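Take a look at the model first, and then we can walk through it topic by topic.

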Amino acid sequence: MEIHGQLVGKSLYWECEEEDDLIGKYASSAEGKRFINVDEINVYQNFKKIRRLIDAPLTRVRRLYTEPYAVKNIAMYAFTSNETNQIKAEKNARRPVIFQSSTALNPTRGSAEEKLERRAFWKYGVEVYTKDERNLRAIYLYLMKRNIEGIDWVNDRPRTEAHIEMEMSALPPELKFLEHYITRAYPDFIEGRRGKDISGKDFFKLFQKFYPAHAKYDYDLQKFGLNMRKLLRNEGVYSDA
């Protein structure tokens, strides 16, 4: 993404390398930046704090030994990663637009010959092509000619396949379990139990098999029951009445 710094100007570009530099107590590097690339940083857990930066009119700056102050937020943010869950793509999220890039030029994939060709391609791009200002100007002019007039940046944002996949992976484990139970586990689970009551303990045992990681979070039957009730109530399936 260094080419973005060359296009917009190095003084207006920042490649963030630490999450704390974005939302930490003494975050100040974003001040005056027009383009910020958050590269290979997993911000999944704290994305609720970070997502407000995408369209907030102001951002908070605090340098060491000074009082915090607000500045105009003029930055565009790009989150780039080889991982599929760098950010949390929540249901109906309106801020991020998510794309999955092609792997056609990935230098770590393909045959040995293809890997060599792809490494040579990127080496030439970094060391030769982007060093020529004529090439950079051609890219800049191409981008500036793109017609973006009339686009509603809130309502016209594309909901891509990559976005949908990340949305699904961000669902709570209880909801994933329900889908698994209904579509896969139900026939075997119900066998021999027809006409009998199914206890919450039986249901929880099935969840334990589906989601072994529950053991890491001190996740017991009571917590499972409360979360399931909350989930069903939020989805309009369950009511205390």
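Glu-83 is exposed, because its relative accessible area of 57% is over the 50% cut-off. Keep in mind throughout that this is a predicted model.

**The loop between strand 5 and helix 4**

- Glu-83 sits in the loop that runs between strand 5 and helix 4 (112-127).
- From Glu-83 to Trp-153 there are 70 residues in sequence, and the C-alpha to C-alpha separation in space is 26 Å.
- Ile-98 also has its place in the loop between strand 5 and helix 4.
- Is Ile-98 buried or exposed? Ile-98 counts as buried, because its relative accessibility of 8% is under the 20% cut-off.
- Beyond residues up to four places away in sequence, Ile-98 touches Ile-87, Ala-89, Thr-160, Ala-162, His-163 and Met-166.

**A buried asparagine**

- Asn-73 lies in the loop between strand 4 (69-72) and strand 5 (76-80).
- With a relative accessible area of 13%, Asn-73 is buried, since that value is under 20%.
- Once neighbours within four places in sequence are left aside, the contacts of Asn-73 are Leu-53, Ala-56, Pro-57, Leu-58 and Thr-59.

- As background for your backbone checks, most residues other than glycine have a negative phi.
- Glu-40 is not a glycine, yet has a positive phi of about 55°.
- Look for Glu-40 in the loop between strand 2 (35-39) and helix 3 (47-55), where Glu-40 is partly exposed at a relative accessible area of 41%.
- Tyr-65 is not a glycine either, and its phi is positive at about 70°.
- Tyr-65 is placed in the loop between strand 3 (58-61) and strand 4, and a relative accessible area of 78% makes Tyr-65 exposed.

- Val-43 is in contact with Glu-19, Val-38, Ile-50, Phe-79, Gln-86 and Ile-87, leaving aside neighbours within four places in sequence.

**Aromatic pairs**

- How many aromatic pairs does a search of the whole structure find? The search finds 15.
- One of them joins Phe-203 and Phe-224: the ring centres are 6.3 Å apart and the planes are at 55°, so this pair is tilted.
- This pair links distant parts of the chain, with Phe-203 in helix 8 (residues 200-210) and Phe-224 in helix 9 (residues 221-234), 21 residues apart.
- Phe-203 and Phe-224 are both buried.
- Phe-207 and Phe-224 form another tilted aromatic pair, at 4.8 Å centre to centre with 35° between the planes.
- Here too distant parts of the chain are linked, since Phe-207 in helix 8 and Phe-224 in helix 9 are 17 residues apart. Phe-207 is buried, as is Phe-224.
- Ring pairs link a cluster made up of Phe-177, Phe-203, Phe-204, Phe-207, Phe-210, Tyr-211, Tyr-219 and Phe-224.

**Helix 8 against helix 9**

- Two packed helices are described by the angle between their axes and the distance between the axes.
- The axes of helix 8 and helix 9 come within 10 Å and cross at roughly 90°, which makes helix 8 roughly perpendicular to helix 9.
- On the helix 8 side, Gly-200, Lys-201, Phe-203, Phe-204 and Phe-207 meet Leu-221, Phe-224 and Met-228 of helix 9.
- By class, the contact of helix 8 with helix 9 is made of six nonpolar residues, one polar residue and one charged residue.

Note on methods
Residues are numbered from 1 along each chain as its sequence is written. This is a predicted model: local features need pLDDT of at least 70, side-chain atom pairs count only at pLDDT 80 or more; totals for chains, interfaces and linings use all residues. Side-chain values use heavy atoms; hydrogens and water are left out. Rings of Phe, Tyr and Trp (its six-membered ring) pair if their centres lie within 6.5 Å; planes under 30 degrees apart count as stacked, over 60 as edge-to-face and the rest as tilted. Helices (H or I, at least four residues) and strands (E, at least two) are DSSP runs, numbered from the N terminus. Buried means under 20% relative accessible area, exposed over 50%, partly exposed in between (1.4 Å probe, protein chains only). Axes are lines fitted to C-alpha atoms, for helices over the stretch in contact, and angles run from 0 to 180 degrees between N-to-C directions. Angles under 35 degrees count as roughly parallel, over 145 as roughly antiparallel, 65 to 115 as roughly perpendicular and the rest as oblique. Contact means heavy atoms within 4.5 Å. Ala, Val, Leu, Ile, Met, Phe, Trp, Tyr, Cys and Pro count as nonpolar, Asp, Glu, Lys and Arg as charged, and the others, Gly among them, as polar.
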